[in-house]
Amino acid sequence: MKAAPYRPLDLTHGRIDLTHGAGGRASAQLITGLFAAAFKNDYLDQGDDGAVLPAPAPGEALVFATDAHVVAPLFFPGGDIGSLAVHGTLNDLAMMGARPLYLSASFILEEGLALADLARIVASMATASRAAGVPIVTGDTKVVEQGKGDGLFISTAGLGARPVGRSPSGRGAQAGDAILVSGALGDHGLALLTARGELGLASTLTSDSVALHGLVEALFNAIPAAAVHVLRDPTRGGLATTLNEIAHQSGVGMQLIETAIPVNPQVAAACELLGLDPLYLANEGKLIAIVPAAQAAAALAALRAHPLGQRAAQIGAVTTDPRHFVQLRTPLGGQRLLDWLNGDPLPRIC
Amino acid sequence: MKYVDEFRDGELAQSIAAALRRAADSARHYAFMEFCGGHTHAISRYGIADLLPPTVRMIHGPGCPVCVLPIGRIDLAIRLALEHKVTVLSYGDCLRVPASGGQSMQKARAQGADIRMVYSAADALALAQREPQHEVVFFAIGFETTTPPTAVVLSAARQLKLDNFSVLCNHVLTPAAMQAILDGSPATATPRLDGFIGPAHVSTIIGSRPYERFAHHYGKPVVIAGFEPLDVMQAILMLVRQVNDGRAEVENEFTRAVSATGNLKAQRLVDSVFELRPGFEWRGLGAIPDSALAIRADFAPWDAERKYALHYMAVPDHKGCACGAILRGEQAPTDCKLFATACTPHTPVGSCMVSSEGACAAHYNYGRFRDAVPA
């Protein structure tokens, strides 16, 4: 990373070419001029093959998570692939009850990608990582020929430390537990669908992409650590799919109240128009917490007191059900299944 | 959401449910078919079955455009993409419909076929204009609601002399299918149909008149209803009252959108582009005369069937599949031995399991918690 620059990076008109991935001077130039400059921290500045990190505090467990990111379009209202790649891994760590400590980032760049776009994405990752207080301490870059990648793919991994006593898990839900969500559902999925421009629908809706470890800490500070039975962020497949996963993992059923589930009016209206269900749309800044009923009020109060959980709500309860069904009481008073997502969510035809 | 929430009001639903309980004669059974998948979806999505008296049974009809597409029509699209190397554009739901030989459009894509999803006929036309280097075929499906947009793009393609665009037309007609259900059911079939909930969106185009023969000749009441849950409940109440009174009339619950004559401008446009097809095979219902539309000879260059000299080959449905009997209301999804075993929304065998509006998929996705736990 210490190689002397042999040509300036043209961040206005330049494009990624194959030399940027060849491991020579152009690669070094890209790494020092763009990535190392943006992510600057003591670990990265060492310029070695890996980062040497301090051991966690005694008794703390290490949590390791990774997340690959492919998204179209690369930029969308409320974020971009860069901020998403940072938030995604931070949230995976947070959902394990860990305090995120370090991130890695690998980039697969497609020949022809505008350097200006890459610089924007890298800056956005740097901002997200700084805001979260979690540095990107190691990374890698490869370039593939034009047509072999979709602009760029980013893979991030993260290390976190989990304090003693915390053990949230998809297997932890127990009959009688309360099911909480931290806010309105479907924003990210719909923001992305509209940003693709295929639906001919304009909206001011933005993705909810955000790092959730602060909100998670607020929850752990409010109730006994062991009372946080399950933490999960309902990303792909949305709330419905995530709850079904938990029900299967925990061997339980769930009963939800549809009118209790927060959905932004704009999302509800657009879904209505398109024949989509917000409960199957992805979220990137919401969490599901499952806690004993006796802790529900305290947990809810803690979530609501945090800026990222103001619209937190209890949406239902865990039940005993040998078939592990997630059921929903409809606004009309009827009962129905809330099943796994089948295929992709598709707008209705007629 | 204004204009939507008021049609989903829980208290109002309870008061219609109470009226239904009062109106329904406990000494008899009522069996109504909601023709449209949109109604099936509303009934399942809102758990309306829980609000109906036990003597009222809803039968899910064939009004789901994806569900009634026969295997042979999907085969045509796949053949176009794989053998003729054309770009096939389709609504997303069609991609998963099982075709013959274990194929589907989605699987053909993985084998290199250029099959893409579009959201509208207009998108398909725009794509053909944007990519003049590709031969583009729009796989047009649907009932009377989606026919006018296809007519619009065919007219535009002719006007633009767009020679890389054509349409594989699979548009079908609602009244013909309703008649086939009434004519085709064996006299012994149970339950006997006591009436229909008539389509919402389809009726905005064709109006309420085409249903009159079902009331007058077949003695079956028809109540046209909107797709909101309260529309459906109100329509069921109106049907129960007609049956109780011994009336068979076409009533319109959906007056906010449907008139007697429908959308005359759309009808004229459709007439100018399409003509009746003498016969068309429906999945589950078999060949029904005068039940579908073909593109008129004036538009031959934009008719994919003519342009690529396609020949339709009927492919029998899976032997164990009960879709036909289910679409005619003679069996419930759970009567089919494939239901939720070999046939699921993820691995659909029959048509009713494909689209979320299909009877089997609706029961699987929303209602299977009611079924007995398998031993």
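This is a predicted model: local features need pLDDT of at least 70, side-chain atom pairs count only at pLDDT 80 or more; totals for chains, interfaces and linings use all residues.

Reply: The questions below go through terms for folds, domains and contacts.

Me: Why is chain A called as compact as a globular protein of its length?
Reply: The radius of gyration is taken over C-alpha atoms, and the globule rule is 2.2 Å times the number of residues to the power 0.38. For 350 residues the rule gives 20 Å, and chain A has 22 Å, which is close, so chain A is as compact as a globular protein of that length. Its C-alpha trace spans about 70 × 60 × 35 Å along the principal axes.

Me: What makes a residue buried, and what share of chain A counts as buried?
Reply: A residue is buried if 20 or more other C-beta atoms lie within 10 Å of its own, exposed if 12 or fewer, and partly exposed in between, with C-beta atoms placed from the backbone. Of the 350 residues of chain A, 50% count as buried.

Me: Why does A:H324 count as partly exposed?
Reply: A:H324 has 16 C-beta neighbours inside 10 Å, so it counts as partly exposed. A:H324 sits in the loop between β11 and β12 (326-329) of chain A. Its phi is near 60°, a positive value in a residue other than glycine.

Me: What about B:D290, and why is it partly exposed?
Reply: B:D290 is partly exposed because 14 other C-beta atoms lie within 10 Å. B:D290 belongs to strand β11 (residues 286-295) of chain B, and its phi is near 50°, again positive in a residue other than glycine.

Me: How do you know which strands of chain A pair in the open sheet?
Reply: Two strands pair if DSSP finds at least two bridges between them. Seven strands of chain A form an open sheet in the order β8-β10-β7-β11-β9-β12-β13, with mixed pairing. β8 (230-232) and β13 of chain A are called edge strands because each pairs on one side only.

Me: What joins β7(A) to β10(A) and to β11(A)?
Reply: β7(A) and strand β10 (residues 288-291) of chain A pair in the antiparallel sense over four bridges, with A:I290 as the partner of A:I179. Four bridges also join β7(A) to strand β11 (residues 313-319) of chain A, again antiparallel. There A:A178 stands opposite A:A317.

Me: What makes both faces of β7(A) covered?
Reply: In a regular strand the side chains alternate between the two faces of the sheet. In strand β7 (residues 178-181) of chain A, A:A178 and A:L180 are on one side, A:I179 and A:V181 are on the other, and all are buried.

Me: How do you know where the domains of chain A are, and how far apart are their centres?
Reply: Domain bounds come from an automatic or database domain assignment. That assignment divides chain A into domain 1 (18-162) and domain 2 (178-337), and their C-alpha centres lie 27 Å apart.

Me: What makes two residues count as in contact, and how many from each domain of chain A do so?
Reply: Two residues are in contact if their C-beta atoms, placed from the backbone, lie within 7 Å. The contact takes 19 residues from domain 1 of chain A and 20 residues from domain 2 of chain A. On the domain 1 side, the largest share, eight residues, comes from α3(A).

Me: Which residues does the contact between chain A and chain B take, by number and class?
Reply: The contact takes 26 residues from chain A and 34 residues from chain B. On the chain A side, the largest share, four residues, comes from α8(A). Ala, Val, Leu, Ile, Met, Phe, Trp, Tyr, Cys and Pro count as nonpolar, Asp, Glu, Lys and Arg as charged, and the others, Gly among them, as polar. By class, the chain A side has 13 nonpolar, seven polar and six charged residues.

Definitions and conventions
Residues are numbered from 1 along each chain as its sequence is written. Chains are lettered from A and ligands numbered from 1 in the order in which they are written. Helices (H or I, at least four residues) and strands (E, at least two) are DSSP runs, numbered from the N terminus.
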